[in-house]
Amino acid sequence: MKNKWKIGFLLLFGINLLFAIVMLSLVMLPSKGPQTSKLNVPMGEHVSFHVKSNKNDLNKLINHYLKEEAADSPIDYQIILGREVELYGTLPFFSEELNMKLTFEPKALENGDLVLQQKSMTIGSLHLPISYVLNFISENYKIPKGVDIRPKDKLIYVNMKQLKLKSDIKIKADKFDLKKDDIRFTILVPVK
């Protein structure tokens with residue numbers, strides 16, 4: 001009988017020892033998951049994020065950006081997105097200030113830029129040629145880098161990639177439908 005207990009003890013000890021060796025070897029072996037040095041990650045210059053916005057949020061963002069970029073401009077102006085893009089400002093006329101409102105039809109281009117085609121213009125009760133007013137704006141208002149006013153074509157071209165944003169972030173306009181309040185951008189964040 002003593003022999004049976006001895007054999008049982010040795011058998012149980014062997015099973016425990018084998019279990020401990022198997023567990024220790026499983027813990028010590030490297031995992032089969034991907035190693036960070038071998039990950040197949042595309043190494044581009046930018047990572048893109050797609051953003052859908054609305055007119056109200058974009059109004060806040062645009063006017064905040066304009067305040068920072070044109071803080072030292074002697075003339076105040078603001079942009080409001082309604083059914084169209086509306087630019088409000090003042091024009092000096094002798095010793096008076098005339099209120100001005102210009103409306104534009106926005107269009108997102110395939111390259112990610114934005115074109116604002118002139119639709120209407122009111123300056124007080126005067127009717128001035130659109131090209132004259134756009135030329136006056138480009139010469140007297142501080143316009144952010146990347147915004148090109150083209151008086152002869154009666155449009156404003158916004159090169160979205162040239163807009164100066166923090167951390168060298170770039171923006172592409174994908175869709176700019178104000179009537180449906182469907183505004184979509186791609187934000188390109190540099191990773192290099």
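1. Thr186 is buried, with a relative accessible area of 6%, where buried means under 20% relative accessible area, exposed over 50% and partly exposed in between, computed with a 1.4 Å probe on protein chains only. The model is a predicted one, in which local features need pLDDT of at least 70 and side-chain atom pairs count only at pLDDT 80 or more, while totals for chains, interfaces and linings use all residues. Residues are numbered from 1 along each chain as its sequence is written, and side-chain values use heavy atoms, with hydrogens and water left out.

2. Thr186 is placed in strand 9, strands being DSSP runs of E with at least two residues and helices runs of H or I with at least four, both numbered from the N terminus. The C-alpha atoms of Thr186 and Phe49 are separated by 5.5 Å, although these residues are 137 residues apart along the chain. With residues up to four places away in sequence left out, Thr186 touches Ser48, Phe49, His50, Lys170, Ile171, Lys172 and Asp174, contact meaning heavy atoms within 4.5 Å. The side chains of Thr186 and His50 also make a polar contact of 3.2 Å (a pair of N or O atoms within 3.5 Å; within protein, one must be able to donate a hydrogen and the other to accept it, and residues adjacent in sequence count only if both atoms are side-chain atoms).

3. Strand 9, covering residues 182-190, also holds Asp182, which is buried at a relative accessible area of 9%. The side chain of Asp182 is joined to that of Arg184 by a polar contact of 2.8 Å, and, beyond four places in sequence, Asp182 touches Lys52, Lys175, Phe176 and Asp177.

4. The largest nonpolar core has 33 residues, of which Met100, Leu102 and Phe176 touch the most other members; such a core is a set of buried Ala, Val, Leu, Ile, Met, Phe, Trp, Tyr and Cys residues joined through side-chain atoms within 4.5 Å.

5. The structure holds 1 aromatic pair. The ring centres of Phe176 and Phe185 lie 6.2 Å apart with their planes at 80°, so the pair is edge-to-face (centres within 6.5 Å for rings of Phe, Tyr and Trp, the last by its six-membered ring; planes under 30 degrees apart are stacked, over 60 edge-to-face and the rest tilted). Phe176 counts as buried at 10% relative accessibility, and Phe185 counts as buried at 9%.

6. In helix 3 (residues 130-140), the buried residues are Val133, Leu134, Phe136 and Ile137. Viewed down the axis of helix 3, these buried residues fall within an arc of 155°, so they line one face of the helix, the arc being that of the directions from the helix axis to the C-beta atoms.

7. Lys154, which is not a glycine, has a positive phi of about 55° and lies in the loop between strand 6 (147-150) and strand 7 (155-158), where Lys154 is partly exposed at 39% relative accessible area. Asp181, also not a glycine, has a positive phi of about 55°, is placed in the loop between strand 8 (170-177) and strand 9, and is partly exposed at 29%. Most residues other than glycine have a negative phi.
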